[in-house]
Amino acid sequence: MSSLWSHQQHALNITVKQNFKSGTHAHATGTGKSILGHAIIRAFSHLYPNRLMIWLCEQTSVIHDIFSRKHSREGILVCDCVSKKPKDWWSSVQSSLIWKVPVLVIINRAFLVSQKRFLKLTYSTIGLIIHDECHSGIGETTKVFYTWLAEAHPEASVIGLSATP
């Protein structure tokens, strides 16, 4: 990945200093929120390699752009549940965890919350969720997901990325 702009580096430094405390990074459109999200994932994976990371997205095109770049997946096993939406998606995630390397699940919010698919995420420790475009995910099913997350994985941090403060 390319080096971060100063505002991205500042946001990353604060996130790491606060031990990935839940919150939202609001930056204007086109200022690299998703690149910041990738940097947060990389930093988290170095500090907490045995915790599952989830990139919850609305728009998939930016995610594909970031994770198709050379070295973007280096050291992280990425389970792409955006391009492919297998019925047994969780078995892919579970199999990945066996390798004892940081695992990132990239998944569309609507896919995860419909039919309460998130209930399958009980066998590992969710450490971090990056909720890209978090302002657009407001709804009853998302609320049910985050209520479940707080109960099932109270240690999980959720970092939202938004252009809407």
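User: Which residues does Ala156 touch, leaving out those up to four places away in sequence?

Analyst: In this predicted model, Ala156 touches Ser22, Ile126, Gly127 and Leu149, with residues up to four places away in sequence left out.

User: And where is Ala156 placed?

Analyst: Ala156 is in the loop between H6 and E6.

User: Is Ala156 buried or exposed there?

Analyst: Ala156 counts as buried because its relative accessible area is 13%, and the cut-off for buried is under 20%.

User: How far is Ala156 from Leu4 in space?

Analyst: The C-alpha atoms of Ala156 and Leu4 are 25 Å apart, and in sequence the two residues are separated by 152 places.

User: Let us turn to the sheet. In what order do the strands come?

Analyst: The sheet is open and has 6 strands, in the order E1-E6-E5-E2-E4-E3, and the pairing is parallel. At the edges are E1 (23-26) and E3 (77-80), each of which pairs on one side only. From one strand to the next, the twist averages 20 degrees.

User: How many bridges link E2 and E5?

Analyst: E2 (residues 52-57) and E5 (residues 126-132) are joined in the parallel sense over 5 bridges. Within this pairing, Leu52 stands opposite Ile126, and Ile54 stands opposite Ile129.

User: What about E2 and E4, over how many bridges do they pair?

Analyst: E2 and E4 also pair in the parallel sense, over 5 bridges. Cys57 has Asn108 in E4 as its bridge partner.

User: How many residues of E2 are buried?

Analyst: Of the 6 residues of E2, 6 are buried. Leu52, Ile54 and Leu56 lie on one side, Met53, Trp55 and Cys57 on the other, and both faces are covered. As a general point, side chains in a regular strand alternate between the two faces of the sheet.

User: Which strands does helix H2 lie across?

Analyst: Helix H2 (residues 33-47) lies across E1, E2, E4 (103-108), E5 and E6 (157-162), and runs at about 175 degrees to E5. Helix H6 (residues 140-152) also packs on the sheet, where H6 touches E2, E5 and E6, and its direction makes about 160 degrees with that of E5.

User: Back to H2 for a moment. Which side chain of opposite charge is nearest to Lys33?

Analyst: Lys33, which is found in helix H2, has Glu133 as its nearest side chain of opposite charge, at 4.8 Å. Lys33 is buried and has no salt bridge, because a salt bridge needs a side-chain nitrogen within 4 Å of a carboxyl oxygen.

User: Which backbone oxygen does the Lys33 side chain reach, then?

Analyst: The side chain of Lys33 reaches the backbone oxygen of Ala28 at 3.5 Å. Beyond four places in sequence, Lys33 touches His27, Ala28, Glu133, Leu161, Ser162 and Ala163.

User: How many salt bridges are counted in the model?

Analyst: The count comes to 1 salt bridge. Arg109 forms a salt bridge with Glu58, and their closest N and O atoms are 2.5 Å apart. In general, side chains of opposite charge can pair when their charged atoms come close.

User: Where do Arg109 and Glu58 lie?

Analyst: Arg109 is in helix H5 (residues 109-113), while Glu58 is in the loop between E2 and helix H3 (60-67). The pair links distant parts of the chain, 51 residues apart.

User: Why does Arg109 count as buried?

Analyst: Arg109 counts as buried because its relative accessible area is 14%, and the cut-off is under 20%.

Notes: Residues numbered from 1 in each chain as written. Predicted model: local features only at pLDDT ≥ 70, side-chain atom pairs only at ≥ 80, totals over all residues. Heavy atoms only, no water. Pairing = 2+ DSSP bridges. Helix = DSSP H or I, 4+ residues; strand = E, 2+ residues; numbered from the N terminus. Axes fitted to C-alpha atoms, helices over the stretch in contact; angles between N-to-C directions. Contact = heavy atoms within 4.5 Å. Buried < 20%, exposed > 50% of the residue type's maximum accessible area, 1.4 Å probe, protein only. Lys, Arg positive; Asp, Glu negative; His and termini not counted. Polar contact = N/O pair within 3.5 Å; in protein donor to acceptor, adjacent residues only side chain to side chain.
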